[in-house]
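This report looks at a protein chain through its fold, its surface and the contacts between its side chains. Please keep the sequence and the structure in view while reading.

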Amino acid sequence: MEKVKKEPINRAEQIEKTLEQTKTIAKQLLKEIGIKIHILGFRYWPTALMIMKENEMTQDEELSMMELYRLTAKRHKTTGTKVERAMRYAYMELDLKQRFNVDYPINNTALLFLLKEEIEKRMCNTPKM
């Protein structure tokens, strides 16, 4: 019976550790691509990526972008519209097509998946503690 109790705790700890690692790598990656840390959208991107990762680990269905904005806004005590705009504003002046070597326009959805992909690559290459 005790093993059953420890497994969910370990699962929860594993999820928490993964989310913290996601947040740390996301912040580092955002700095590398040139997003300024004083811009409000800089704070929203790691939160959105963490929510996306958390949902991926615990739910079967994917979040819509509007739901992701709403959940991010809830954690920052603002509105989904403001989150969407701030996230978009954070990268407006950057040449992300060249950075990610893509030929399609970059919007919030595209950037979210490009960042997610890069974070997953880095997490796979990070040594386990």
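## Surface and burial

Accessible areas here come from the Shrake-Rupley method with a 1.4 Å probe. On that basis the protein chain, which is a predicted model, exposes about 9,000 Å², and carbon and sulfur atoms supply 52% of this area. Of the 129 residues in the protein chain, 37% are buried.

## Fold

The protein chain contains 6 helices and 0 strands, so that its pattern, read along the sequence, is α-α-α-α-α-α. When contacts between residues at least 6 apart in sequence are considered, 63% of them join residues at least 24 apart.

The loop between α4 (80–91) and α5 (96–100) holds D95, a residue whose relative accessible area of 49% makes it partly exposed, because the exposed class begins only over 50%. Although D95 and G34 are 61 residues apart along the chain, their C-alpha atoms are separated by 9.4 Å.

E56 itself counts as partly exposed, at 37% relative accessibility.

Within helix α3 (residues 65–76), E67 and R70 are 3 residues apart, which is about one turn of the helix, and they form a salt bridge in which the closest N and O atoms are 2.6 Å apart. Both partners are partly exposed, E67 with a relative accessibility of 27% and R70 with a relative accessible area of 40%.

Helix α6 holds both E118 and R122, 4 residues apart, again about one turn of the helix, and the closest N and O atoms of their salt bridge are 3.2 Å apart. Through salt bridges that share partners, E118 and R122 are joined with E32 and R99 into one network.

## Aromatic rings

R99, a member of that network, also lies over the face of F100, at 5.4 Å from the ring centre. As for pairs between aromatic rings, the count comes to 1.

Key
Residues are numbered from 1 along each chain as its sequence is written. This is a predicted model: local features need pLDDT of at least 70, side-chain atom pairs count only at pLDDT 80 or more; totals for chains, interfaces and linings use all residues. Side-chain values use heavy atoms; hydrogens and water are left out. Rings of Phe, Tyr and Trp (its six-membered ring) pair if their centres lie within 6.5 Å; planes under 30 degrees apart count as stacked, over 60 as edge-to-face and the rest as tilted. A charge sits over a ring if NZ of Lys or CZ of Arg is within 6 Å of the ring centre and within 35 degrees of the ring normal. Helices (H or I, at least four residues) and strands (E, at least two) are DSSP runs, numbered from the N terminus. Buried means under 20% relative accessible area, exposed over 50%, partly exposed in between (1.4 Å probe, protein chains only). Contact means heavy atoms within 4.5 Å. A salt bridge is a side-chain nitrogen of Lys or Arg within 4 Å of a carboxyl oxygen of Asp or Glu.
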